[in-house]
Amino acid sequence: QCKPFYLASLQLPILMKPYNEEVLDVKKAQTAILFRWSPVVPAQTSPVTYRIQVFEVLQNQSPVQALRSNQPLLDKELLGVTQYIWQPQLSFSQEENKKSTFIWTIQSLDKDQKPITQTDGNGEGRSEPIVFVVANGRKN
């Protein structure tokens, strides 16, 4: 005998690249930055729209403050894909040991452009944000 059942747990995307506190070389970052994340699990009945947002963290500002109050440098909606190559067209500082800090997040939207939310989530359908750094004079 078969009975329908529903999965109560939903997992929002996990941000994979750039990973948390990754330092990107300034020359490479000016050309392109690859963002990659996991899909919403379980798979939804219709394609998910992923809204990627990148914010600069200004001096004397915490990453969370930047996320909540700054205008995004990147705000793009992508249907059903889990990676994006951003060509920032920003002038990062070329000075030695100078760095720029950014925070990024993914918001998952359903076919009606409403956030896909977890039962215990914040209601915005956002992934856990991640910080990355663009710096000159990178040491491996």
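Residues are numbered from 1 along each chain as its sequence is written, and side-chain values use heavy atoms, with hydrogens and water left out. Because the model is predicted, local features need pLDDT of at least 70 and side-chain atom pairs count only at pLDDT 80 or more, whereas totals for chains, interfaces and linings use all residues.

**Nonpolar cores**

The largest nonpolar core has 25 residues. A nonpolar core is a set of buried Ala, Val, Leu, Ile, Met, Phe, Trp, Tyr and Cys residues joined through side-chain atoms within 4.5 Å. Phe35, Trp37, Ile52, Val54, Trp104 and Phe132 have the most contacts inside this core. At least two of its residues come from each of helix 1 (26-31), strand 3 (33-37), strand 4, strand 5 (74-79), strand 6 (83-86), strand 7 and strand 8 (130-135). Helices (H or I, at least four residues) and strands (E, at least two) are DSSP runs, numbered from the N terminus. A second, separate core has six residues, among them Phe55, Val57, Ala66 and Ile103.

**Buried residues**

The table lists residues that count as buried (under 20% relative accessible area, with exposed over 50% and partly exposed in between; 1.4 Å probe, protein chains only).

| Residue | Relative accessible area |
|---|---|
| Threonine 49 | 8% |
| Phenylalanine 102 | 2% |
| Phenylalanine 35 | 0% |
| Phenylalanine 132 | 0% |

Threonine 49 lies in strand 4. Leaving aside neighbours within four places in sequence, threonine 49 is in contact (heavy atoms within 4.5 Å) with residues including Glu77, Leu79, Gln107 and Gln113.

**An aromatic pair**

Rings of Phe, Tyr and Trp (its six-membered ring) pair if their centres lie within 6.5 Å; planes under 30 degrees apart count as stacked, over 60 as edge-to-face and the rest as tilted. The count comes to six aromatic pairs. Phenylalanine 35 and phenylalanine 132 form an edge-to-face pair, at 5.8 Å centre to centre and 70 degrees between the planes. Phenylalanine 35 lies in strand 3 and phenylalanine 132 in strand 8, so their pair ties together parts that are 97 residues apart in sequence.

**The second largest pocket**

Strand 7 (99-109) gives the most to the lining of the second largest pocket, with three residues.
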